[in-house]
There are 2 protein chains.
Amino acid sequence: MSQKDAHRTWRIGVAGLGTVGGGLLGFLEVRPQYAPAGGRAVVTGVSARSRSRPRTVDISNLAWFDDPVALAQSPDIDIFVELVGGSDGPAKAAVEAALQAGKAVVTANKALIAEHGAELAALAEAKGVPLLFEAAVMGGVPAVKTVREALVGEDIRSLSGILNGTCNYILTEMESAGSAFADVLAEAQRLGYAEADPTMDVGGFDAAHKITILAALAFGGAPNYAAAEVEGIAAVDLLDIRLAGDLGYRVKLIASAERAGEGARVRVRPFLVRKDHPIAQANGALNALFIEGERIGRIFLQGPGAGAGPTAAAVAADIADVMTGAVRPVFQGPAAGLSPCAPSAGSAAAGRAYIRVMVRDEPGVLAAVSEELAEAGVSIESFLQKPPGEAPGVPIVMTTHAVAEAVLEAAVARIGRLPSVLEPPRLLHIAGI
Amino acid sequence: MSQKDAHRTWRIGVAGLGTVGGGLLGFLEVRPQYAPAGGRAVVTGVSARSRSRPRTVDISNLAWFDDPVALAQSPDIDIFVELVGGSDGPAKAAVEAALQAGKAVVTANKALIAEHGAELAALAEAKGVPLLFEAAVMGGVPAVKTVREALVGEDIRSLSGILNGTCNYILTEMESAGSAFADVLAEAQRLGYAEADPTMDVGGFDAAHKITILAALAFGGAPNYAAAEVEGIAAVDLLDIRLAGDLGYRVKLIASAERAGEGARVRVRPFLVRKDHPIAQANGALNALFIEGERIGRIFLQGPGAGAGPTAAAVAADIADVMTGAVRPVFQGPAAGLSPCAPSAGSAAAGRAYIRVMVRDEPGVLAAVSEELAEAGVSIESFLQKPPGEAPGVPIVMTTHAVAEAVLEAAVARIGRLPSVLEPPRLLHIAGI
């Protein structure tokens, strides 16, 4: 390394001083020379919503900017760290301004990269500066670095995992405490584990942002958030968690991306996962990811997917990477040449499934349900009938052998119209991992 | 990136054409432009023991070198890939020659880096060229990159995991097939899973090389292989695998490195691991690693630790990293300033343990054994007495609460001298993970 870089001071501007920003400031204050390549990383300017809010770190000696865009453009910073959040608005404006001004950008903003990654990458590459976002996915677990750098050139077949800690915490609590979704969510909000508006998390959108980013890196395209199929956990019923448990499964919100033909299928939805699978054992706020490739086989990563410490550590790692002077495109090829990851139709995809049908306890009903499935060519793998509980009717629970999703959905819709069936049947897919 | 680098051809010299070298040549032949940073990676020269041995790739159009040192010094290569193996001899001579000639070096050689890493790093830094070795640890699982880059600046407390696939395969087979160590080893050798001379693997030395490298990166020192405490699996008895299983544990060869005072304790030895722990569930040839840090919490990595595909992928990733022009020291700071990771005395360390004592089935023997432990202040957690089997005597099996290792070892030695005890007791530590 050149002597110049080894003694250089890198001036960092940080926009957004929540727990992650506070964690980063605290770390850099104590350890400005943490990067082995030498040089010092010193925060010189900050921006946040409120200047006077009580903070764990003293910001009185740092340049203050009411407007993150002004901080991003400041001639007194070399690297702009964006921790504001949100796919548009000030976060996007500030990142664009920083890149336009020729500054390296480090961000934890998954929504921004998933929704505007391609245009930001083009701007970064035109200006010859890095745009890094390790902290956007899985907090301190290096999912982005693994897919982008360690598996460069690898033909990745699929990615699947748990990318939203809030949903995983809620599902884990529902199972262990036997509480309904709404009750666990309310408690999580009280404890600060879930946002006041939990839509991004429980709706599956946060996980969809993250898997969109990983899919772009894995399959060599631009992020295509619009093509992600997204289903959250609000409709996951405690009864299904219990019954799936009786059958040896746990319900997990799985974000997945699979190569399919010329495109990729990217989706987030609740899946049944066998209890002895490592993904099923990632409980609480843990994140976990399986990566399957042609040559590397299967790699599994697990760790805390959020939190001030892990996320700030990921931001610090990106800052250190900027300091090495590495030159690589933002995604897996120059932005100008990337196509959005093409969606692939999912209806032809086949997989196993769990079906719960609430029926009146009367003769002939099981035969009627079975007949619908048989006519559709859906083959039953296991069957469970429980005695009547508090709810009206009795549940008939089945798992199927692999069947095309479209075929299964049509059969389940027909079952829902049978006279003895009390409510629309619940269909949950079983993860093929 | 500069236009020049984006179109540059990087000429690769590969020394060692075993399965990994063959896999790399096959990959680069088909995908020379795999690196997103642009540029082509083209193998131009090779060296191996035999020129005429049948190979999966055609080397007839590549420059041939009988001597890897000559290849390393050739003016016609830019990056030297060392896949010869061995801590000294031609591998070391060739890597030194390449660095001396100002060429970037990529190696999969754990012995070389663990035993001579500091001096090679000093040479690489003096010449301003990278020396990369991702493939040396955990094959295609990016353990080196994670510790060096993703956790830069993180205060890592400990690393522990399964770093030798051959030992893990043997232990897994002993448990599942109920076969003795020697029988499983012979079968593994027949299948090509174990070397003709298995000492490096089953003696724990290969795992010790790997954990030595990770410890240097994690704790900011130079590799100190001489300080590693190493015990292999040759003495692991099938009976202990069975009895540990009855108690809810699996026997695993664990490589670990823990910060301890000013130094680090680095060791490899068989441990009992609870069956529901992710490390216990990494079976067969899998590798697995837990990393625990102050801010990031616990990160878990798992995947195939060897094999042509994963290892060649790791080498290809290192070559792509060279192409980015990143400048960072080989370890976590300039080599000149690194001290060897200081060993810390282990005798004060406390942990839980498993003890098996083979005794004559006669009155008073249990009391005598218990008394020795009580006098030493060793507290029993669980106790298992099995009916007599084929072996002479009956086993008394105990697990202890946490106790200083030195105290426990002394007590066990005294038990071994009791008149009713038929053979030296077996002591296995229980992993504190």
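Predicted model: local features only at pLDDT ≥ 70, side-chain atom pairs only at ≥ 80, totals over all residues.
Two copies of a chain are related by a rotation about an axis and a shift along it. Here, chain B is superposed on chain A by a rotation of 180 degrees with 0.0 Å of shift along its axis, and the RMSD is 0.0 Å. The two copies are therefore related as by a two-fold rotation axis. The same surface serves both copies, since 100% of the contact residues of chain B recur in chain A.

The contact itself takes 46 residues from chain B and 46 residues from chain A, and between them the two chains bury about 3,700 Å², of which 62% lies on carbon and sulfur atoms. Across this interface there are 6 salt bridges, including one between Arg328(B) and Asp321(A), where the closest N and O atoms are 2.6 Å apart. Polar contact across the interface is found for 13 residue pairs. On the side of chain B that touches chain A, at least two residues each come from α6 (143-150), β12 (297-304) and α12 (308-324) of chain B.

Within chain B, helix α11 covers residues 238-246, and its buried residues are Leu238(B), Asp240(B), Ile241(B), Leu243(B), Ala244(B) and Gly245(B). At the start of α11(B), a side-chain oxygen of Asp237(B) comes to within 3.0 Å of the backbone nitrogen of Leu239(B), while just after this helix Gly248(B) takes a positive phi of about 95 degrees.

In chain A, strand β16 (residues 394-400) is mostly covered, with 7 of its 7 residues buried. In a regular strand the side chains alternate between the two faces of the sheet. Along β16(A), Val394(A), Ile396(A), Met398(A) and Thr400(A) point one way, whereas Pro395(A), Val397(A) and Thr399(A) point the other way, and all are buried.

Strand β16(A) also pairs with other strands of its chain. Strand β14 (residues 353-359) of chain A runs antiparallel to β16(A) and is joined to it by 6 bridges, and Tyr354(A) stands opposite Thr399(A) in β16(A). Strand β15 (residues 380-385) of chain A pairs with β16(A) in the antiparallel sense over 5 bridges, and here Ile380(A) has Thr400(A) of β16(A) as its bridge partner.

Definitions and conventions: Residues numbered from 1 in each chain as written. Chains lettered and ligands numbered in written order. Heavy atoms only, no water. Least-squares fit on C-alpha atoms with pLDDT ≥ 70 in both. Contact = heavy atoms within 4.5 Å. Buried < 20%, exposed > 50% of the residue type's maximum accessible area, 1.4 Å probe, protein only. Helix = DSSP H or I, 4+ residues; strand = E, 2+ residues; numbered from the N terminus. Polar contact = N/O pair within 3.5 Å; in protein donor to acceptor, adjacent residues only side chain to side chain. Pairing = 2+ DSSP bridges. Buried area = accessible area lost by both parts, 1.4 Å probe. Salt bridge = Lys/Arg side-chain N within 4 Å of Asp/Glu carboxyl O.
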